[in-house]
Amino acid sequence: MERLRPFPFLLLGVAAAQAQTPPAANMSPDALFAGMVPRLELTISPENITKLAQNPRDFVTLTIKEAGGVTLEKCSVKLKGSAGSFRQITDDRPGFSLRTAKSKKGQEFRGLSKFQLNNCAQDGTMLLEMIAGEMARRAGVPASRCTHAYVVLNGKKLGTYVLKEGFNTEFLGYFFKDTKGHLYDGGFCRPVSLDLEVDQGDPDEKKRLTELVGAAKDGNPTMRRGRVERILDVDAYYRHLAVEQIFTHWDGYSFNTNNYRLYEDPLGGKFHFILHGMDQVFGDERWYVFRRPNADQFGLFHEHAQRERYRAQ
């Protein structure tokens, strides 16, 4: 009986194996928020670990490497978090605020030059900010995109984090045609005021912010409403408030003067609120969706017509 020759079958086996080889990972910016969970390896020198332990809010240099992807040198990192979520660099799961282009211009990670790694100390599901942000964006209310990342620091496995898009021109471009306006950080439980931290723009140029703060302080309700309308996009704020209500976002601007950004749109000349810090949403089953905001800084809800205007949004 003639022996079967193995060579043709080997060729068939190789062809089958090639056909089953998985495609290369999609490393595009959009895939970051809809594809595989990236593994990020952060390398911080012992000297810079010491600096972070002493001054956690000051940036130090690090290297970011994505497993199977790029290695980014001379990136910058500081610790993030506030009451309830802040962890020291020597703790098990510190939160990180990262910049890829602070020292090396034009350098990006998957289209991002600014992003956060949230430790989810107050969100055991690791889903709340992601879900709320997606709902807000679909409603036309500015909020960051989120995904997950598996984080390793100096060889130590920290585990799964929420990777959140940072607030900069890249982010603003999704919602505004002109991204060169002033961007302010609301800070911790602080109302809109002249001492807001400037994330973008000339920190010494505060003409429009001065107008907004002055309008809020006007003691004449009729005059105040007119002044506020000229400097704040009121309908956009009402949509922002409506989303905070639906999310039961008690730790946002409208109910705790916390977790917000404020953008001065040069095109329309008006301010817009941006959602932030939504890691404790959907938690109050007794919440009333038309609850009056604690931070009625602009006196909008004093008038019945304005309350009806809000309901219309």
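The legends below describe an overall view and several close-up views of a predicted protein model.

Residues are numbered from 1 along each chain as its sequence is written. In this predicted model, local features need pLDDT of at least 70 and side-chain atom pairs count only at pLDDT 80 or more, while totals for chains, interfaces and linings use all residues; side-chain values use heavy atoms, with hydrogens and water left out.

**View 1. Overall fold of the protein chain.** The chain contains 10 helices and 11 strands (DSSP runs numbered from the N terminus, with H or I of at least four residues for helices and E of at least two for strands). Its C-alpha trace spans about 105 × 50 × 40 Å along the principal axes. Of the 313 residues, 47% count as buried (under 20% relative accessible area; exposed is over 50% and partly exposed in between, with a 1.4 Å probe and protein chains only). Contacts (heavy atoms within 4.5 Å) that join residues at least 24 apart make up 60% of those between residues at least 6 apart in sequence.

**View 2. A nonpolar surface patch.** Leu127, Ile131, Met135, Ile246, Phe282, Tyr288, Val289 and Phe290 make a nonpolar patch of about 700 Å². Such a patch consists of nonpolar side chains (Val, Leu, Ile, Met, Phe, Trp, Tyr) joined within 5 Å, from residues with over 30% relative accessible area and no salt bridge; areas come from the Shrake-Rupley method with a 1.4 Å probe, and for residues only the protein chains shown count as cover. Val289 is placed in the loop between strand S11 (270–275) and helix H10 (304–312). Because its relative accessibility is 36%, Val289 counts as partly exposed.

**View 3. Surroundings of Phe255.** Phe255 belongs to helix H9 (residues 253–256) and counts as buried, because its relative accessibility is 5%. Beyond its neighbours within four places in sequence, Phe255 is in contact with residues including Leu241, His249, Trp250, Trp287 and Pro293. Ala295 lies 40 residues from Phe255 in sequence, with 5.6 Å between their C-alpha atoms.

**View 4. Asp265, a buried acidic side chain.** Asp265 is found in strand S10 (residues 260–265). Although buried, Asp265 has no salt bridge (a side-chain nitrogen of Lys or Arg within 4 Å of a carboxyl oxygen of Asp or Glu). Lys177, the nearest side chain of opposite charge, is 9.4 Å away (Lys and Arg count as positive and Asp and Glu as negative; His and the chain ends are not counted). Leaving aside neighbours within four places in sequence, Asp265 is in contact with Phe176, Asp178, Lys270 and His272.

Technical notes. Patches are made of residues with over 30% relative accessible area and no salt bridge: like charges are joined within 9 Å, nonpolar side chains (Val, Leu, Ile, Met, Phe, Trp, Tyr) within 5 Å.
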